[in-house]
Amino acid sequence: MKVVNHAFRKKDAMQLVTGKPVYVDDITPKDCLAVKLLRSPHANAVVEEIQTEAAMKVPGMVRIFTWKDVDQNAKRYTQAGQTYPEFSPYDRLLIDRHVRFAGDVVAVLAGETLEAVEKAMRLVKVKYQVLPAVLDYRKAKDNPVLVHPEENWEALVAAANADNKRNLCAHDECGEGDVEKVLADCDVVIDRVYHTPASQQAMMETFRTYCDIDEYGRLNIISSTQIVFHVRRIVANALHIPKSKIHVRKPRIGGGFGAKQTAVSEVYPAMVTWMLKRPSKLIFTREESQIASSPRHEMELHVRLGASKDGRIRAIDLYTLSNTGAYGEHGPTTVGLSGHKTIPLYGKAEAFRFVNDVVYTNVMSAGAYRGYGATQGCFAVESAVNELADRLGIDPFELRVKNIIHQGDVMPAYYGETATSCALDRCVEHVRRISGWDVKPHREVLPDGRIRSMGCAITMQGSGISGVDVGSASLKLNDDGFYILRIAAADMGTGCDTTLAQVAAEVLECPLDKVVTSGADTDTSPYDSGSYASSTAYVTGKAVEKCALELRSRIVRMGAEMLGVSEENCDFDGTCVRCREQAVSMTDIATRSMCNNTNAVEVTVSNTSPTSPPPFMASVAELITDPETGEVRTENFYGVVDCGTPLNPALARVQTEGGVLQGIGMALTERVDYNRRGRMMQDSLMQYRIPTRNDIGHLNIEFESSYEGSGPFGAKSIGEVVINTPGPSIAEAVYQAVGRRIFSLPVTPEKVLFGEDYTVDQREIGL
């Protein structure tokens with residue numbers, strides 16, 4: 001291959017590194033209405049009275065929208081960016097009289113300047129009827145206090161088994177074999193409960209949206225989003241207007257990591273602009289992005305793992321309790337990955353059971369975050385496997401080698417799919433070699449008294465949502481023989497504008513700079529589900545490959561017509577169509593296509609897949625632990641990834657390093673806590689501690705390629721699998737260092753020194 005599987009610089013790299021205007025706030029007008037959201041200070045309350053008269057006297061104020069401007073009995077909607085019909089329940093109104101978490105929207109203010117709006121916000125007087133709040137997700141199910149008592153709450157998909165009168169956002173269970181019987185017959189059973197707190201994506205660019213009315217009277221939305229087509233549907237549902245009246249496009253995105261798979265900001269300026277027919281803009285502050293966004297779901301996972309004394313894993317039993325918060329965005333779907341992306345790794349088990357509940361509580365609603373539930377599940381299951389290895393006296397990698405799936409195996413709990421491409425065994429072997437796993441001591445006391453230790457983990461993810469996700473591409477031949485590739489997959493720093501163009505260039509045998517990427521825009525891009533669920537390279541990439549093959553065929557057809565010969569006698573080398581000594585150049589063909597021609601040299605192709613081939617990863621964390629202070633530092637992190645054929649090895653490496661960094665942050669420092677009033681405590685990046693490059697030591701990333709025949713040039717996904725292994729591998733390395741197992745993240749110095757029992761109930765501190 002000449003273009004695919006080679007490193008190319010991202011197409012937008014120079015614009016970004018030189019600070020050119022590319023983001024929402026850079027490219028939209030400054031002289032538009034400023035929009036701000038007045039938020040509830042209470043976790044659960046009903047607005048009894050709201051006085052806006054004094055606020056409206058502030059010079060420059062234009063309008064204040066309250067619950068009185070929204071039909072409280074209207075059909076509700078969800079802000080989850082998912083394919084219709086969404087599994088997430090319809091449980092939101094634009095402005096609800098009943099506010100369900102500290103940070104929920106009470107009023108939408110619009111003014112000529114941000115200063116006027118901020119002054120007016122301080123003058124709005126709200127009288128609340130404060131209600132009891134459900135803050136403990138372990139007590140939420142069947143609690144007498146209901147988060148959603150309203151009658152117009154609606155679940156579109158019966159399979160979610162949701163019931164708002166039980167605070168139940170979703171319930172599901174599946175299994176094979178008699179788990180209890182097999183566990184009773186096992187030589188060793190690990191029975192543990194693990195906890196992963198909510199964590200924030202903390203992307204550099206906060207949520208932000210600009211809206212105006214175009215020359216046709218349509219609502220034009222420019223937003224930092226991963227899901228332009230889903231945003232169109234969400235806004236239409238929220239405003240109760242036709243989708244044909246809405247046009248959505250995205251500029252460059254300053255990071256998303258799943259946060260922008262939820263329409264956190266779009267509906268509010270859309271409401272202002274649609275009602276007032278004036279341009280408006282809403283830009284979240286960092287505090288707003290912390291307290292009212294879409295963090296990772298907090299989960300409690302009860303794992304029972306049974307094995308024979310020779311290390312054969314015979315049964316896996318997993319129960320996951322997930323906290324969706326005040327609204328159900330992504331709640332029913334996220335929880336499934338905690339089991340469906342962990343249990344299949346151990347395909348030789350005789351029986352498995354996976355049961356899950358998702359509950360409503362009066363805290364900020366959760367959403368999509370890279371890993372999407374598999375991260376939480378991986379921490380629990382892989383930690384249990386590490387403990388099992390210790391109990392049996394077997395090397396933890398050797399234990400995994402005895403039990404993991406291989407290419408051609410049917411994967412249990414993975415929807416009946418077969419591992420059509422799997423280099424997990426080679427990933428394990430490779431990471432053992434580069435980390436020195438078999439030659440270094442797994443615990444070593446250094447001369448200064450600190451302890452160097454090692455821990456390991458494996459993981460898998462998916463490549464899109466099988467039978468659901470749709471990726472599309474349009475390719476058009478233009479003057480001088482260059483191409484325009486139109487997509488709706490959202491490049492949010494992942495580089496898909498570049499990698500998808502590489503796929504097209506490989507098929508069309510042209511230089512990469514001959515393919516111009518355009519998107520994402522609901523008016524001009526072909527339909528695409530959006531960039532999430534690790535779908536872009538695999539699902540949309542295959543659409544690009546099919547599209548380029550069809551366009552190549554049309555180019556040859558037109559060239560043959562111009563030469564007066566049959567297509568079968570023509571060759572195409574990317575520069576011309578040739579038949580023996582005769583040839584017509586791409587410029588000639590492009591010019592001919594624009595004059596007296598009835599066959600457009602333009603193709604649109606959509607692609608979906610009945611399967612979701614998983615990528616795999618094996619990792620080793622090497623830590624330095626101070627036994628006197630409990631401080632833990634990552635000295636080295638080794639990871640080997642099977643993502644099929646890397647479309648762009650350099651960008652795949654960057655993806656992996658970024659995901660590992662986020663996983664280390666989740667493992668060591670990041671968490672979302674609430675005080676006894678339900679107020680989120682880490683409301684800035686001073687309190688919410690994300691690691692810097694200096695905090696994570698050396699990242700050593702390599703690849704073991706498999707070949708996935710259903711993907712473009714053998715590619716699978718890489719976006720999410722890379723975040724899952726730091727948690728369990730770091731927890732195991734801590735155990736090797738101090739002999740203390742950690743069952744909840746993050747791994748704090750207090751837990752290292754004193755164990756889990758020392759953990760402070762975070763609700764008991766703060767105001």
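Predicted model: local features only at pLDDT ≥ 70, side-chain atom pairs only at ≥ 80, totals over all residues.
Residues are numbered from 1 along each chain as its sequence is written, and side-chain values use heavy atoms, without hydrogens or water. Local features need pLDDT of at least 70 and side-chain atom pairs count only at pLDDT 80 or more, while totals for chains, interfaces and linings use all residues.

Helix α11 covers residues 396-403 and helix α12 residues 424-435; helices are DSSP runs of H or I with at least four residues, strands are runs of E with at least two, and both are numbered from the N terminus. The two helices pack at an angle of about 165°, with their axes 10 Å apart. Axes are lines fitted to C-alpha atoms over the stretch in contact, and angles run from 0 to 180 degrees between N-to-C directions. α11 is therefore roughly antiparallel to α12, a term for angles over 145 degrees. On the α11 side, Phe397, Glu398 and Val401 make the contact, and on the α12 side Val428, Val431 and Arg432; contact means heavy atoms within 4.5 Å.

The structure holds 49 salt bridges, each a side-chain nitrogen of Lys or Arg within 4 Å of a carboxyl oxygen of Asp or Glu. One of them joins glutamate 86 to arginine 233, with the closest N and O atoms 3.0 Å apart. Glutamate 86 lies in the loop between β3 (61-65) and β4 (98-99), and arginine 233 in helix α6 (residues 228-239), 147 residues apart.

Helix α14 runs over residues 536-563. Glycine 564 follows α14 and has a positive phi, near 75°.

Note on methods. Parallel < 35°, antiparallel > 145°, perpendicular 65-115°, else oblique. Expected span 1.5 Å × (residues − 1).
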